[in-house]
Amino acid sequence: MSDAPSNPAHWLTRFSLHRRITVLVLFLTILVVGFIAALGIPLELFPRGFEAKSLSVFIPWQNAPSQEVLEKITLPLEEELSTVRGLAGINTFTSIGRVNAQIRFKQGANMDVAYREVRDRVERARLHFPDDVDRTYVFKHDASGIPVAVIGLAIDPALTDYYHLIQQEVLRPLSRVEGVAKVDVDGLEEKEIIIEVDRNRAEANGLNLYELAEDLGSDNFTLASGNVRDAGRKFLLRSVATYASLEQIENRPITPHIRLKDIARIRYVEPEKRYSVRVNSRPAVAAIVFKEGEANTVEVSRNIDRALD
């Protein structure tokens, strides 16, 4: 019997039975504090202050074969990065025209210091790179760079020009949603005017392809032309030379007897894509939505849902 009062469970039971009002007040206090915390604490994709212990390095080398990229970029880069403090491991991926390196650090590493050291090592490695490697990229993994929504927009094949429709009716309204920082898009390319000149026809008519390209490039322009003052008012002048239709380009005179359509094929089409975006086996566009750094993830998601509706 002497051990009973020292038992925590026994003591808690006696306290709860003899101090019922006190226990009720404590219980209600916990409920109120929990309710306020649930409403007031913003929900994030990751806890605030979270830092991924890794960095990424990306180095492009245009059109270089993978073996050359490995020998002249990847190996010198690995040698320099291996001297960074707190390093846990390096994974490099070499392909045609590029190198990607994933650098992992030990727990407790200061990522600001690590970022500066990695940039320093990349600059050292650049001394051994070919002269035409002019850009290097070092990325920190930041939770704010993770999209809060990826929206797939399946495209009706009957639509011939959906670029402006998606820009005006989908992307711009999404970018104006409260808490949204930016909206990126994949699979949406603005159409371009492609002029394919038949070389044999051009040479047969005594035309120089370089001079022809220079003339066509100078046709379409917008230029500030100064100002004019009249009755105390100042008017800004602008010179505009643009084509209003594809037919105008086709009928552009090259010589007094030759028009552009006589020696070239003119098309208004999307540029060639090296990727594909699909939704439910149909061609699509992907809208990628990023939130502002201090915005509530749940609230931004609800605002996006309302905007889509």
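Rings of Phe, Tyr and Trp (its six-membered ring) pair if their centres lie within 6.5 Å, and planes under 30 degrees apart count as stacked, over 60 as edge-to-face and the rest as tilted. The model is predicted, so local features need pLDDT of at least 70 and side-chain atom pairs pLDDT 80 or more, while totals for chains, interfaces and linings use all residues. Residues are numbered from 1 along each chain as its sequence is written, and side-chain values use heavy atoms, with hydrogens and water left out.

**Exercise 1.** Describe the aromatic pairing around Tyr-137.

Solution. By the ring rule, the count comes to two aromatic pairs. Tyr-137 and Phe-139 form a stacked pair, 6.2 Å centre to centre with 5° between the planes. Together with Phe-58, Tyr-137 and Phe-139 form one aromatic cluster. Tyr-137 is partly exposed at 28% relative accessible area, and Phe-139 is partly exposed at 41%, where buried means under 20%, exposed over 50% and partly exposed in between (1.4 Å probe, protein chains only).

**Exercise 2.** Find the strand order of the open sheet and its edges.

Solution. Helices (H or I, at least four residues) and strands (E, at least two) are DSSP runs, numbered from the N terminus, and two strands pair if DSSP finds at least two bridges between them. Four strands form the open sheet in the order β2-β3-β1-β4, with antiparallel pairing. Because β2 (87-95) and β4 (137-140) each have a single partner strand, one side of each is left without a neighbour in the sheet. Four bridges join β1 (residues 54-60) to β4, and Leu-55 stands opposite Lys-140 in β4.
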